[in-house]
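Biologist: I have not looked at this one before. Can you take me through it?
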Amino acid sequence: MAEVSLKDITKIYDGNVKAVDKVNVEVKDKEFVVLVGPSGCGKSTTLRMVAGLEDITDGDLFISGKRMNDEAPKDRDIAMVFQNYALYPHMTVYENMAFGLRIRKFPKAEIEARVKEAAQILDIEELLERKPKALSGGQRQRVAVGRAIVRKPKVFLFDEPLSNLDAKLRVQMRAEISALHTRLQATIIYVTHDQIEAMTMGDKIVVMKSGLIQQIGSPLKLYNDPINRFVAGFIGSPPMNIALAEVIEEGGKIIAKEEGMTIVIPKDKEEVIKSYLGRKVHMGVRPEDLTFTKKPEANNLNASISVIEPLGNETHLYIDTKENQYIARSLPENEFKVGDEVNFTPNVDKVQFFDVETERSLFYSE
Ligand code: ADP
């Protein structure tokens, strides 16, 4: 069993930079947890504190129930895969993978068995005698993972391991690491700035911003019920459309009105939205929840298509209004062309609302 528990973990660097602020995360045995957020949000620092490569300023770190704050990295039973792979250039692939075991004085036969097994899992048996410079980026990446696997650690830590790979290889390695997780039944903490990586790989995602955790949840929870505007905008590609809307009452109905969209608030949301009458809220709509039609009658929106991006399986349409730009998903074959004036309506049940000041979702539930 290998759980990792971060309790109020804080990191203050010299010069009073608070990089991580009271972070609480529970990683269960065999769970794949992804820390995600924009550059500088504190995710690498958090991972490095778990690894023991960075001192913990405040809070407690437990691995399998044991407090680890003061344990040396080598005594934490973890293995880390770095973004730049950190392979030894003068050693062969075999030696790179064996190195960690050799310095821990494992018997030769055991080392050989473990390296062979890892090489087989990662499909790099043919490469064992090569030096890193004779490997492609993807192969180096596999060796770096292999070096972690042979240790049979309690916990794997990955720090942006796919960032140096081209787009196609990244997608492939993403699937390989997910498959590896299933095969090894390992506990994994994985850091990335890429929300697609987070969504596709994580059982649980921790979204961070400015050293603070914003939300922890499954990929679909984050997508369907983001706690605030930041998470709403960060998770999802193309991102959620977010516009400022005025809340008014018209003909006995509560309406949220923005230059491009007017929606009648559904009955089950009226109560909460009513308290915003006469004020503004941020309204968020995902690109797949916008539908639109050409040639609007009596429409003074000035909403027109400015960009069309055909992706093959779907097409993204950029629609400019006076104040905003919206992105909508549409079928690959569609009737639109650049310059078309359009009318668009959101799927009212899917619209999200955020307080302008606190940025909190008005309907988030734990
Ligand atoms: P991320 O991994 O999310 O990009 P980091 O954890 O690397 O973010 O950094 C978080 C914050 O801590 C940033 O503001 C960064 O500039 C700062 N930081 C990171 N390392 C150091 C350091 N050694 N000394 C001072 N500040 C640091």
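Modeller: One term to begin with: a residue counts as buried under 20% relative accessible area, exposed over 50%, and partly exposed in between. Also, this is a predicted model.

Biologist: Okay. Is Q185 buried, exposed or partly exposed?
Modeller: Q185 has 45% relative accessibility, so Q185 counts as partly exposed. Its place is the loop between helix 5 (167–184) and strand 8 (187–192).

Biologist: What is phi of Q185 about?
Modeller: About 50°, a positive value, although Q185 is not a glycine. Most residues other than glycine have a negative phi. K152 has a positive phi too, near 45°, and lies in the loop between helix 4 and strand 7 (155–159).

Biologist: Changing topic: at what angle do helix 2 and helix 4 pack?
Modeller: About 30°, with the axes 8 Å apart. The two helices, helix 2 and helix 4, are therefore roughly parallel to each other. Their crossing is right-handed.

Biologist: Which residues meet there?
Modeller: From helix 2, V93, N96 and M97; from helix 4, V143, G146 and R147. Three of these contact residues are nonpolar, two are polar and one is charged.

Biologist: And the largest nonpolar core, how many residues has it?
Modeller: It has 50 residues, and M97 and F158 are among those with the most contacts inside it. Helix 3 (residues 108–122) gives the largest share of this core, six residues.

Biologist: What does F158 touch?
Modeller: Leaving out residues up to four places away in sequence, its contacts include L47, V81, V145 and I177.

Biologist: Last one: which peptide bond is cis?
Modeller: The one from S237 to P238, with omega near -5°.

Notes
Residues numbered from 1 in each chain as written. Predicted model: local features only at pLDDT ≥ 70, side-chain atom pairs only at ≥ 80, totals over all residues. Heavy atoms only, no water. Axes fitted to C-alpha atoms, helices over the stretch in contact; angles between N-to-C directions. Helix = DSSP H or I, 4+ residues; strand = E, 2+ residues; numbered from the N terminus. Parallel < 35°, antiparallel > 145°, perpendicular 65-115°, else oblique. Left-handed = near helix turned anticlockwise from the far one by under 90°. Contact = heavy atoms within 4.5 Å. Nonpolar A, V, L, I, M, F, W, Y, C, P; charged D, E, K, R; others polar. Core = buried A, V, L, I, M, F, W, Y, C linked by side-chain atoms within 4.5 Å. Buried < 20%, exposed > 50% of the residue type's maximum accessible area, 1.4 Å probe, protein only.
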